[in-house]
Amino acid sequence: MSISYSTCKFMLFLFLQLYELVAHGLINLMPVKCLCHKVSQNFAFAGMVGLSLGEKHFIQGGIAQDLRCDGRKRLTYRPLYVETGVIPQANGSARVRMGATDVIASVKAELGKPSSLQPDKGKVSINIDCSSTAEPAFEGRGGDELSAELSIALQRCLLGGKSGAGAGIDLSSLVVIGGKLCWDLYIDGLVVSSDGNLLDALGAAIKAALSNTGIPSVQVAAGATSDEKPEVDISDEEFLQFDTSGVPIIVTLTKVGKHYIVDATSEEESQMSSAVSISVNRQGHICGITKRGGAGLDPSIILDMISVAKHVSEQLMIKLDSEIASAEAEEES
């Protein structure tokens, strides 16, 4: 079978686009592909609910007709609700509900020492816990595996590649004294109730929690030598609001049959062949990509998914900003 010159040029263009994402550490398909079967099992526990053949055909047929079981179109999210300040002991916290999916994120800030490899940056760690009450399958090892996979996926989507390219959180803003003192942010997430699309919900909750985060003002004592550990005075009254302007949101496109949808429910996830989660910032730049599911995807489909995710993220960002502003206004009143 012969291939035309124009087709070859198009295929080369797609390859170069994907190569650029891989080179900057923003997409890592090989390790995910090796784990795809395991990840798809853990991310979509709804596959265990035991849908009948008629129910499966109903879900797939509705998606094909752009009319899902709950009345939504393929690229429409469920109602989004945000609460902030739900954990008083944390520096920042938020609760996000997408339909029946309910998650909480909290941020704790502690002073630490920058790593020797990145003396001009602070540190951020993300840890997710899946409550056993959220889903029977979360009990025991199943919940632990899913928690670890969600944590890794959020690290990639929010903190970019190993090189730091695409990082949505400005780590340099966490430095107090270069090479000596920085803020370490410990972000913890909890899955309270699961009905699909956990990654997007957790990403939104983390963004809302960071928006709610106040970093204490630090005064460094004068006169300390370069070799001494600096003495600091941490204020209990003055706080600096964490800048979330660069923090992305996550849009997961789940492929069911020949079409892909956003904000999939657990039942819809049980019918997926693959899913791609794309983190997009306010400027429309891609910060990270993760893939799960056993089926491979043509490069042209991945690039189309990226384009769709950018479009969908604009409306989702507006909605999330509005919900965060309303939640913070209610918290202050």
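This is a predicted model: local features need pLDDT of at least 70, side-chain atom pairs count only at pLDDT 80 or more; totals for chains, interfaces and linings use all residues.

Biologist: How far is the sulfur of Cys157 from the nearest cysteine sulfur?

Modeller: The nearest one belongs to Cys287, 9.1 Å away. The cut-off is 2.5 Å, so Cys157 is in no disulfide. Cys287 is in no disulfide either, and its nearest cysteine sulfur is that of Cys157.

Biologist: Is Cys157 buried or exposed? And Cys287?

Modeller: Cys157 has 0% relative accessibility, so it counts as buried. Cys287 has 3% and therefore counts as buried.

Biologist: Now the charged side chains. How many salt bridges does a search of the whole structure find?

Modeller: The search finds 14. One of them joins Glu268 and Arg68, at 2.8 Å from N to O. Look at where the partners sit. Glu268 is in helix α6, residues 266–269. Arg68 is in the loop between α3 (53–64) and β1 (80–84). They are 200 residues apart, and the pair links distant parts of the chain.

Biologist: What is the relative accessibility of Glu268, and what is the relative accessible area of Arg68?

Modeller: Glu268 is at 3%, so it counts as buried. Arg68 has 3% and is buried.

Biologist: Which residue forms a salt bridge with Arg72?

Modeller: Asp263 does, with the closest N and O atoms 3.4 Å apart. Arg72 lies in the loop between α3 and β1, and Asp263 in the loop between β10 (259–262) and α6, so the pair ties together parts that are 191 residues apart in sequence. Both Arg72 and Asp263 are buried.

Biologist: Which residues are linked in a network of salt bridges?

Modeller: The network links Arg68, Asp70, Arg72, Arg78, Asp195, Asp263 and Glu268. Now take the salt bridge between Asp102 and Arg97, where the closest N and O atoms are 3.6 Å apart. Asp102 is at 8% relative accessibility, so it counts as buried. Arg97 is at 27%, so it counts as partly exposed.

Biologist: Last, helices. How do I read one?

Modeller: An α-helix has 3.6 residues a turn, so residues three or four places apart point the same way. Then check the span. Helix α5, residues 198–211, has 14 residues. From first C-alpha to last, α5 reaches 20 Å, close to the 20 Å expected at 1.5 Å a residue.

Biologist: How many residues of α5 are buried?

Modeller: 14 of the 14, so α5 is largely enclosed by the rest of the structure.

Terms used
Residues are numbered from 1 along each chain as its sequence is written. Side-chain values use heavy atoms; hydrogens and water are left out. Helices (H or I, at least four residues) and strands (E, at least two) are DSSP runs, numbered from the N terminus. The expected span of a helix is 1.5 Å times one less than its number of residues. Buried means under 20% relative accessible area, exposed over 50%, partly exposed in between (1.4 Å probe, protein chains only). A salt bridge is a side-chain nitrogen of Lys or Arg within 4 Å of a carboxyl oxygen of Asp or Glu.
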